[in-house]
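Dear colleague,

Please find below the structure that I am handing over to you. My findings follow after it.

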Amino acid sequence: MIIKETANIKNKKFISVSEAFAMSSVDGPGIRVIVFFQGCFINCAWCHSPHSKPSCSPLLFYEQSCSICMRCQTCKQNVHVFKDGKHILHREFCLQCGKCIDECPNSSVYKESGTLKLPTKKVTAQSLLLQLLPHISLCDGITLSGGEALLQDDTTAFLRLCKDKGIHTCVETSGLLESDCYAKALPFVDVWLFGLRVLTNNNSDFHTKKLIPNAQLIKNASKTIIPVIPLIPGVMDRDEVLAEMLLVLNVIDSDEIQLNPWNIFYDVYYKALGIETTFLKPVDKAIKQCEAKVRKFFKGKGYKLTNRKEDKK
Amino acid sequence: MNFSQEMTKRAKGLYDQLINKALGDRSGEWFTQDMFPKFFSKVKPKDYGLEDELKTKTVLVRRAIAIDIMLKAMTNPKNSKKTHTAEIFEGDLLLGVLPMGSNGLGKVFPQFMTDDELRAGSVTNRNTMSLFGHNTMNYDKLLSSGLKKTINDCDKEIAKLLANEEKIKKNTGIIPSDLITDQESKHSREVYKNKTSKDFYVGVKIACKAVIDYAHRFAEIATKESKNKSLSQKRRTELENMARIAKRVPEHPAKTFHEAMQSITFFHIALHASMNFISLGRLDQVLKKFVEKELDKGRALEIMECFMIKLAGRLNLSSDYLHKQDHVDYATVLGTNPYYIDQKAGVNNFLQNIIVGGKTPDGGDGTNAATYLILQAIENVNLSTPGIYVRLHKGSPETLYKKVARSIEKTKNNPSIINDDVMVEAMHRTLMRGMPASKKEKMLKIARDYCVDGCWELILNGKSDWTFTMFNAMTALETSVNQGASLSPTPELFRGAKIAPYAPMPKTFKKLMETYEKQLRFFVDQCAMSMFLYYMIDEYAAPSPLFSAFLDGCMERGRDKAWAGADYNLAGIIFGGIPNVVNTLLGIQKWVFPKKGKGKYTLEEVADAFRFNFKCPDPTQKATQNTYTSVQIDFDTNTPKFGSNSKEVTEVVRKVLDICYSASMNSADFAKKVYEDKPKKEDWKNVIALRRLTGYYGSALRRKFEDFNMRFTVGLGTFEQYNWQGRGIAACADRQSGEPLAPNFSPVPGTLYGGIANLLNSMKSLELERFAGGVITDVCLDEKNASAEVIVNLLKQAIKDKAGMLTLSIGSEKIYREIYEKVLAASKITNKENACKLLAPYAGINVRIGGWQTPFITLPISHMENYIHRPSK
Ligand code: SF4
Ligand code: SF4
């Protein structure tokens with residue numbers, strides 16, 4: 001669905017979101033509206049939404065639907081250059097004015113898809129809720145994902161508005177933010193999808209010490225926590241990583257673990273941003289082996305494993 | 001009520017037989033004229049209790065005889081070698097076989113009109129083929145009284161009329177109705193009425209007897225087959241039982257569920273075989289008492305599944321053999337001018353819907369065991385026909401919502417939904433128009449008993465005769481931005497074909513809307529008046545004695561439905577292309593007449609860009625070409641679209657709907673003044689002059705038929721004609737010249753940017769309770785999101801948001817694209833059998849194309865291309 005930008009420079013308080021979908025059955029309990037918030041500093045090596053890391057996404061360009069009509073050359077900043085029949089973008093000059101999208105016959109601010117796209121929308125908490133309400137009424141609740149939703153100041157206000165309306169709320173997080181981010185939001189969140197990201201890349205230190213107090217904090221508030229393991233081959237299936245995860249799981253004290261499969265569309269946004277991927281795309285065999293190993297390990301420890309259904313997007 | 005969720009073994013056998021047949025060449029199964037005796041030379045009047053030659057008989061009586069001839073031809077063993085219409089299919093529990101025919105392929109029926117009649121009808125587009133169906137009959141009456149009683153009633157009435165004839169004979173002779181003017185004496189009318197009523201009852205008698213005889217012949221076939229020793233004892237007993245039932249019904253009232261289903265089957269077949277493609281109406285209400293009484297619910301489901309498969313007996317699943325099956329003839333359609341429909345899209349449309357659930361006349365909820373039985377059978381069998389609609393309202397039981405969602409999830413497109421909370425109100429408003437407040441309760445009861453015809457237009461269950469015209473709302477928009485002319489690029493026509501009165505180029509958005517209203521009314525006047533004109537010809541070409549016998553009011557009045565016999569006459573004006581009009585107006589509002597400042601383009605520039613399909617005819621005019629390209633992009637991608645929930649969009653939708661509704665009511669009143677109302681004394685001469693201006697020289701319909709009241713309804717939709725309707729239309733905001741219009745009252749495929757929730761939400765402020773002609777929105781849900789839980793929520797939201805009617809399909813771009821590519825590949829294969837094999841795995845994938853479901857593989861390529869973009873997240 002399209003979120004309409006409603007905040008402007010004069011609005012001190014706003015939320016930046018990149019995308020939203022209704023009727024998702026894979027992002028939390030039941031059927032959800034899922035909103036992807038802009039901004040994240042965690043830097044997971046396998047991140048499949050690099051555009052959501054900065055506070056505002058750079059211009060996305062989907063080459064396959066570009067008809068090389070060159071109308072986007074209207075750009076005063078000379079971002080769009082055509083060389084040997086190829087469309088090259090110099091995003092470093094882009095001011096995000098949106099003029100090229102207006103000119104492009106294959107792009108539209110009213111559409112989710114298109115050749116050119118500026119996904120980040122600034123909205124006030126009230127207007128975001130207002131825009132989502134028709135969709136929420138078709139669903140069981142709302143899930144905030146990202147990015148890291150709780151990094152934005154106004155997210156708590158938004159969650160509060162949701163709770164005022166009696167909406168079931170769920171937040172998906174890496175678990176790696178400062179504790180006060182969680183503490184602020186706690187009263188307004190019903191379910192937490194809590195990432196067991198004991199590692200964010202193969203060379204980083206374990207983040208177990210950061211995860212445990214956050215998990216404890218949420219647990220103490222008697223909130224439902226669903227631990228989530230992203231199935232990253234070569235990372236999450238390492239013995240020492242699994243052992244560290246157990247430590248966090250002991251705190252969470254849940255019988256159930258959700259496995260998030262490897263995203264086969266991992267590199268789509270890298271291509272759209274014109275940047276190199278940071279993680280070597282695993283082969284199918286490695287993906288399968290990773291899942292099998294993680295499953296076996298936790299099954300052996302008595303956990304029930306659920307699978308986040310493959311996102312067919 | 002728990003029924004088996006899998007097709008029974010018996011039904012699966014019948015299903016496989018049907019699909020096999022449907023994938024092959026069915027052209028040899030059609031009836032041909034040489035299978036019928038020559039009407040005027042070989043058919044003996046005495047066989048029908050008539051004395052004079054057949055050509056002296058009215059069309060009504062001749063049509064009744066032709067029904068008997070058709071039904072006899074169907075059980076003729078020699079014909080059946082080709083047509084298979086006298087066969088009992090292996091395992092079938094119901095007797096009777098529908099002869100080939102469909103909306104898109106046409107029908108075959110004995111020619112009973114004289115050469116002179118056929119020549120005269122060439123000017124009014126009327127002949128034997130002009131019986132159009134689109135109605136429902138009173139099955140309750142058939143099941144509770146049987147045909148014998150109807151025949152007895154006819155005899156009584158004929159005796160009364162004969163006595164009366166003696167009385168009035170001594171005065172003047174018979175006066176044909178078209179000479180009866182407003183000045184005519186009461187006596188002349190009585191003479192005429194007496195004669196036509198007598199003919200009506202004679203016709204009804206012949207037609208009803210024809211159906212009884214047909215059933216009896218089938219009983220004989222079943223008895224014969226039951227003696228076949230190679231069959232199992234179980235099957236032989238079944239056949240004996242079926243023979244026993246066929247001897248009883250439809251002649252007598254039905255006592256058991258099996259008898260009820262057999263009675264309906266025979267009658268439905270008789271109607272469809274005699275060109276009356278009509279729907280089954282509120283079948284769950286009719287069957288309620290039979291299902292409740294039936295102890296063996298498993299057996300009931302088996303019978304119901306057999307029924308569904310039987311009704312789908314005319315399916316064609318291959319596109320390869322359709323040319324040979326084109327039996328559409330001149331004068332097949334409504335209207336006084338030939339009109340061409342998208343035949344290919346209608347190949348598998350038989351205008352046979354079933355509607356279940358909804359309020360009862362007294363305001364309670366009508367959901368019952370038969371509702372669930374029908375839904376389960378449809379779900380298990382999952383064929384594209386018969387169509388199934390469920391009436392839902394805020395008070396419908398939760399189990400029904402769940403059942404409907406589960407059926408949609410499983411079948412991917414069945415059933416379709418109608419919102420009682422909107423449509424009862426719409427029908428009530430229609431019925432109350434011009435009526436005293438004292439009738440409010442009575443009319444509400446009638447309104448609550450609405451159903452749908454063969455597509456989705458609202459009618460009254462077994463109580464109304466329906467006629468309609470379609471109008472492409474884009475035509476009026478073209479003439480509004482082009483001074484009354486169509487946006488034709490042909491230089492010889494200067495600014496275009498002059499199809500409407502001249503109107504100056506609007507200078508503001510408000511003026512544009514005013515111009516649109518006037519232009520629209522010009523066309524709608526034609527629609528409203530034409531419906532009276534062709535209604536008044538029907539008596540001489542398309543009377544329908546068999547159907548009229550079970551249409552409320554006809555038997556009591558002694559009049560056929562073509563002669564104002566029905567209790568209610570409904571006339572619908574159905575607007576297509578509304579979403580395209582809205583999208584184009586939104587573009588004009590934003591880019592030509594913005595609320596602030598000067599527009600980026602002039603209206604003339606926009607009109608020319610549309611006229612020339614965004615391509616400047618002179619390629620050297622670069623600046624003009626640039627303007628046209630900009631117009632195209634700005635209107636297409638930089639303008640909000642129909643279906644989004646923003647204020648600016650809903651304001652324009654509302655305005656367009658207000659115009660359509662008020663123009664229609666205005667035209668309806670005018671047409672009624674010309675043809676129907678008895679003129680006031682001081683107006684008399686003026687009205688006569690108006691009538692003559694329209695080519696009508698007769699008297700006011702209220703004078704001919706005291707209680708005649710043509711009630712006009714307004715509907716929004718295109719049926720499957722959206723491709724066709726786009727053909728003659730210039731480019732606009734959301735399509736290029738000649739491309740399809742938006743289907744029904746739905747967003748242009750691929751433009752539902754705000755999601756289904758916003759689309760539904762936007763309906764709230766449109767006051768759809770005005771559109772009793774039906775207002776239907778097609779939504780295709782991406783299979784990724786389509787769980788039964790989501791569908792339940794969606795249905796409830798649609799009811800709450802006051803959507804009118806909703807068809808919900810589940811699909812994915814991927815599967816539609818895959819089939820599309822396979823169809824293209826199959827079209828290149830010369831061996832037809834191999835081509836069929838390639839497509840066979842997709843035979844069960846049905847999609848919704850405006851008016852009905854159809855197998856995706858049989859769609860025209862242009863429809864497929866359009867459909868691929870529908871799934872919405
Ligand atoms: S958004 Fe504006 S600055 Fe950026 S590339 Fe497009 S036109 Fe240029
Ligand atoms: S305007 Fe759009 S389609 Fe044309 S070159 Fe630029 S990005 Fe490609």
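**Findings on the domain interface and the ligand shell**

Across the interface of domain 1 of chain A and domain 2 of chain A, three residue pairs are in polar contact, with both partners at pLDDT 80 or more. Please note that this is a predicted model. Salt bridges between domain 1 of chain A and domain 2 of chain A number zero.

On the side of domain 1 of chain A that touches domain 2 of chain A, helix 7 (residues 268–273) of chain A gives the largest share, with five residues. That side of domain 1 of chain A consists of seven nonpolar residues, two polar residues and one charged residue.

As to the division itself, domain 1 of chain A covers 15–56 + 119–307, and domain 2 covers 60–112. The centres of domain 1 of chain A and domain 2 of chain A, taken over C-alpha atoms, are 32 Å apart. In the contact between them, 10 residues of domain 1 of chain A meet six residues of domain 2 of chain A.

The two domains of chain A, domain 1 and domain 2, bury about 600 Å² between them, and carbon and sulfur atoms give 60% of this area. Of the area that domain 1 of chain A buries against domain 2 of chain A, 54% is supplied by A:Cys56, A:Ala272 and A:Leu273, more than by any other three residues.

I also examined the ligand. Around ligand 2 there are 14 residues, of which A:Cys66, A:Cys69, A:Met70, A:Cys72 and A:Cys104 come nearest. The shell around ligand 2 comprises nine nonpolar residues, four polar residues and one charged residue.

With kind regards

Terms used. Residues numbered from 1 in each chain as written. Chains lettered and ligands numbered in written order. Predicted model: local features only at pLDDT ≥ 70, side-chain atom pairs only at ≥ 80, totals over all residues. Heavy atoms only, no water. Near = heavy atom within 4 Å. Nonpolar A, V, L, I, M, F, W, Y, C, P; charged D, E, K, R; others polar. Domains from an automatic or database assignment. Contact = heavy atoms within 4.5 Å. Buried area = accessible area lost by both parts, 1.4 Å probe. Salt bridge = Lys/Arg side-chain N within 4 Å of Asp/Glu carboxyl O. Polar contact = N/O pair within 3.5 Å; in protein donor to acceptor, adjacent residues only side chain to side chain. Helix = DSSP H or I, 4+ residues; strand = E, 2+ residues; numbered from the N terminus.
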